[in-house]
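Hi,

Here is the structure I promised to pass on. Have a look at it first, then read my notes below.

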Amino acid sequence: EKYLLRGVAELHHFVFTDRVQQIEEDLRGIGAWEQGRVHITYREHDGWPSASMKRAHTYHDNKHVWAGMDYVFAVDVDTLCVSYIGSEVLADTVGTLHADNAYYDGSEVAGRGVASHRV
């Protein structure tokens, strides 16, 4: 929340996990959790690559959890935003580049002289 749509939109976080109770305990005292903006849904962990390959099915099967949202961005839980990402990402079509992908050299990551809309 430090960088993503700060002052632009109210963020809600949707977590799909097989460790619901542990996540709830870990989030106590964190603003977004206390304000009711973190929504946790149980999803059995079936390992990689199945979890990745079935991601779209999980989103579809649980689409009711983000009913009423204007935009939904799916990111891995370990995603790190290193620069401000503003309203430029609120478009009809948005994509991201993954700096850890073998096809990129890392220069695509915001904060290294690249505009934030390239995140």
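Val75 sits in the segment after helix H4 (55-61); helices (H or I, at least four residues) and strands (E, at least two) are DSSP runs, numbered from the N terminus. At 59% relative accessibility, Val75 counts as exposed, where exposed means over 50% relative accessible area, buried under 20% and partly exposed in between (1.4 Å probe, protein chains only). Together with Tyr71, Phe73 and Val94, Val75 makes a nonpolar surface patch of about 370 Å².

Before you go on: this is a predicted model, so local features need pLDDT of at least 70 and side-chain atom pairs count only at pLDDT 80 or more, while totals for chains, interfaces and linings use all residues. Residues are numbered from 1 along each chain as its sequence is written, and side-chain values use heavy atoms, with hydrogens and water left out.

As for the overall picture, the protein chain has four helices and two strands, in the order β-α-α-β-α-α along the sequence. Of its 119 residues, 18% count as buried.

And the inside? Leaving aside neighbours within four places in sequence, Ile40 is in contact (heavy atoms within 4.5 Å) with Val15, Thr17, Val20, Ile23, Glu24, Leu27 and Trp33.

Cheers

Notes. Patch = residues over 30% accessible without salt bridge, like charges linked within 9 Å, V, L, I, M, F, W, Y side chains within 5 Å. Areas by Shrake-Rupley, 256 points an atom, 1.4 Å probe, with all protein chains shown as cover. Salt bridge = Lys/Arg side-chain N within 4 Å of Asp/Glu carboxyl O.
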